[in-house]
Amino acid sequence: MTRWGLIGASTIAHEWVIDAIRANGGEIVSVMSASAERGRKYAADHGIAKSVATLEELVGDPEVDAVYISTTNELHRDQALAAARAGKHILCEKPLAVSLEDARAMVRAAKEAGVVLATNHHLRNAATHRAMRDAIAAGRIGTPLSARVFHAVYLPPHLQGWRLDRPEAGGGVILDITVHDTDTLRFVLGDDPVEAIAFSQAGGMSKAGLEDAVMGVLRFKSGMIAQFHDGFTTRYAETGLEVHGSEGSLIGRNVMTQRAIGTVTLRNADGEQELPLDHRNLYETALAAFHAAVAGKGKPSATGEDGVWSLATGLAVVEAAKTGHAVRIETGL
């Protein structure tokens, strides 16, 4: 059994990750919040035995085997480095950090300490995306030529906060959502992005000059191109992922979501058919893989290196939107 400490008394842990840890036989023994009062209430509300107010107390706890980091993005690096030094396995929210240098340092520290570092890119655990990946790998659409991602949503009031007014914390839609598009495309296509171009928008929700919507295009190593639209401001849009190949197309609808829903249609010369899907909780799937990796059986769903790739792409999109130029994507891995 893996025993967990939560670094951050967060909404995502409350809504998804605590239940996923417990569903996979894990135990949550401690939660850290910079506000002692918030930490005590969070622990009581979630049946967690201990709440602490400092990082040192949590990572120094011999009863903690692994940590889940879900604080704001600028805090991730130091928290992950402290956890690695203490020999704790790490599941970290995306983006891993706010700079590539910091993200690479996290990957190095985990390797040197011999601990698992995973990025919580939940979408690659969706049955829809796994079905699309398998269909492409089996050659069912021929050579992938292009893709389109629709990931423009409405950011609910309880999640707005720092995402809309703190650029130093990695706020804005690109580091919040475009990084998910990147990871999903890399997973589904088995290909890496090499160049980005984009336009961003401030549609009235964000503050401090941060973008609340973005459209752009990624070019991949294979020559494939992918269009993306991400937003916090679209109340009534649906999400989707399409991949178009030389011999067919895959149409995923309602698939860029935390919920285990959505459909995938294969369209080719034979007509249309809906692919069979075994929908399962995305976070439970991620935690099952993480626990297995801790036990020395395989890798987490998304590794630290995967997190570096998505951050590198997000930062390139930020730069492209700022300059109006195409920007090369370099991970330094």
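**Notebook: salt bridges, rings and loops**

I began with a network of salt bridges and found Arg 124, Asp 183, Arg 186, Asp 192, Lys 221 and Asp 306 linked in it. I note here that the model is a predicted one.

Asp 306 sits in helix H10 (residues 304-323), and Arg 124 in the loop between strand S6 (117-119) and helix H6 (127-137), so I logged a link between distant parts of the chain, 182 residues apart. I looked up the exposure of Asp 306 and Arg 124 and found both buried.

I then asked how many salt bridges there are by this rule. The count is 20.

Next I looked at Arg 3 and Asp 65, whose side chains form a salt bridge of 3.1 Å, N to O. Arg 3 belongs to strand S1 and Asp 65 to the loop between helix H3 (55-59) and strand S4 (66-69), so this pair ties together parts 62 residues apart in sequence. Arg 3 is partly exposed at a relative accessible area of 27%, and Asp 65 is partly exposed at 22%.

I also checked Asp 102 and Arg 77, which meet in a salt bridge at 3.1 Å, N to O. Asp 102 is in helix H5 and Arg 77 in helix H4 (residues 76-85), 25 residues apart. Is Asp 102 buried or exposed? At 16% relative accessibility, Asp 102 counts as buried, because the cut-off for buried is under 20%. Arg 77, at 30%, counts as partly exposed.

I turned to the rings and found two aromatic pairs in the whole structure. One of them is Trp 4 with Phe 290, a tilted pair with 5.1 Å centre to centre and 40° between the planes. Trp 4 lies in strand S1 (residues 3-7) and Phe 290 in helix H9 (residues 282-294), so the pair ties together parts 286 residues apart in sequence. Both Trp 4 and Phe 290 are buried. I also found Arg 235 over the face of Tyr 154, 4.2 Å from the ring centre.

For the backbone, I noted a cis peptide bond between Lys 94 and Pro 95, with omega about -15°. Pro 95 is in the loop between strand S5 (89-92) and helix H5 (100-113). Asn 254 is not a glycine, yet has a positive phi of about 55°. I placed Asn 254 in the loop between strand S12 (248-253) and strand S13 (263-268).

Ile 197 lies in strand S8 (residues 193-201) and is partly exposed at 38%.

How values were computed:
Residues numbered from 1 in each chain as written. Predicted model: local features only at pLDDT ≥ 70, side-chain atom pairs only at ≥ 80, totals over all residues. Heavy atoms only, no water. Helix = DSSP H or I, 4+ residues; strand = E, 2+ residues; numbered from the N terminus. Buried < 20%, exposed > 50% of the residue type's maximum accessible area, 1.4 Å probe, protein only. Phe/Tyr/Trp six-rings, centres within 6.5 Å; stacked < 30°, edge-to-face > 60°. Lys NZ or Arg CZ within 6 Å of the ring centre and 35° of its normal. Salt bridge = Lys/Arg side-chain N within 4 Å of Asp/Glu carboxyl O.
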